[in-house]
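Here's a quick tour for anyone meeting this structure for the first time. Have a look at the model, then read on about its pockets.

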Amino acid sequence: MLGGSWLQTLEASGCVLSQELFQQRAQEAAATQLGLKELPSHCLVHLHKNCIPQYTLGHWQKLEAARQFLAAHRLPLTLAGASYEGVAVNDCIESGRQAAVSVLGTEPNS
């Protein structure tokens, strides 16, 4: 899976977004990150623009300000989900776990 700011930079530069380009970049990433030396025997490339959300510039500062506001006003509210600490499923699960810990005031029994 490729995209995000890397893709936006390519688009802004006027680069032609071809299947060959994405295949090449994916193969380079696999070679670098996984140490693969052989080219794949089969490759499918699909472009799905805007399918994974990205936080806007300043997201973390806004999130911290919201947390400070909630704490300062002692509001019984916990922030959890993809809007705050990560968009992937594992991030959402951890966000829910952390919210439960915050509400309960203790780690759940394993």
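## What lines the largest pocket

Sorted by class, the lining of the largest pocket comes out as 16 nonpolar, 10 polar and four charged residues. Keep in mind that this is a predicted model.

How much space lies in the largest pocket? It's about 830 Å³. The lining is made up of 30 residues, and Met1, Leu2, Gly3, Phe22 and His46 are the ones closest to the pocket's centre. The largest share comes from α2, with six residues.

## The second largest pocket

Next up is the second largest pocket, at about 230 Å³. Its lining splits into four nonpolar, four polar and four charged residues. Among the lining residues are Arg67, Leu70, Glu85, Asp91 and Gln98.

Which helices each supply at least two residues here? They are α3 (59-72) and α4. Helix α4 gives the largest share of this lining, six residues.

## A closer look at Ser95

Ser95 is one of the residues lining the second largest pocket, and you'll find Ser95 in helix α4, which covers residues 89-104. Is Ser95 buried or exposed? Its relative accessibility is 8%, so Ser95 counts as buried, as the cut-off for buried is under 20%.

Leaving aside residues up to four places away in sequence, Ser95 touches Leu79, Ala80 and Gly81.

Notes:
Residues are numbered from 1 along each chain as its sequence is written. This is a predicted model: local features need pLDDT of at least 70, side-chain atom pairs count only at pLDDT 80 or more; totals for chains, interfaces and linings use all residues. Side-chain values use heavy atoms; hydrogens and water are left out. Helices (H or I, at least four residues) and strands (E, at least two) are DSSP runs, numbered from the N terminus. Buried means under 20% relative accessible area, exposed over 50%, partly exposed in between (1.4 Å probe, protein chains only). Contact means heavy atoms within 4.5 Å. On a 1 Å grid over the protein atoms alone, a cavity is a set of points where a 1.4 Å probe fits but cannot get out, and a pocket is an open set with protein on both sides within 12 Å along at least five of seven lines; lining residues have an atom within 4 Å of a point. Grid points are joined across faces, edges and corners, and a volume is the space filled by probe spheres set on the points. Ala, Val, Leu, Ile, Met, Phe, Trp, Tyr, Cys and Pro count as nonpolar, Asp, Glu, Lys and Arg as charged, and the others, Gly among them, as polar.
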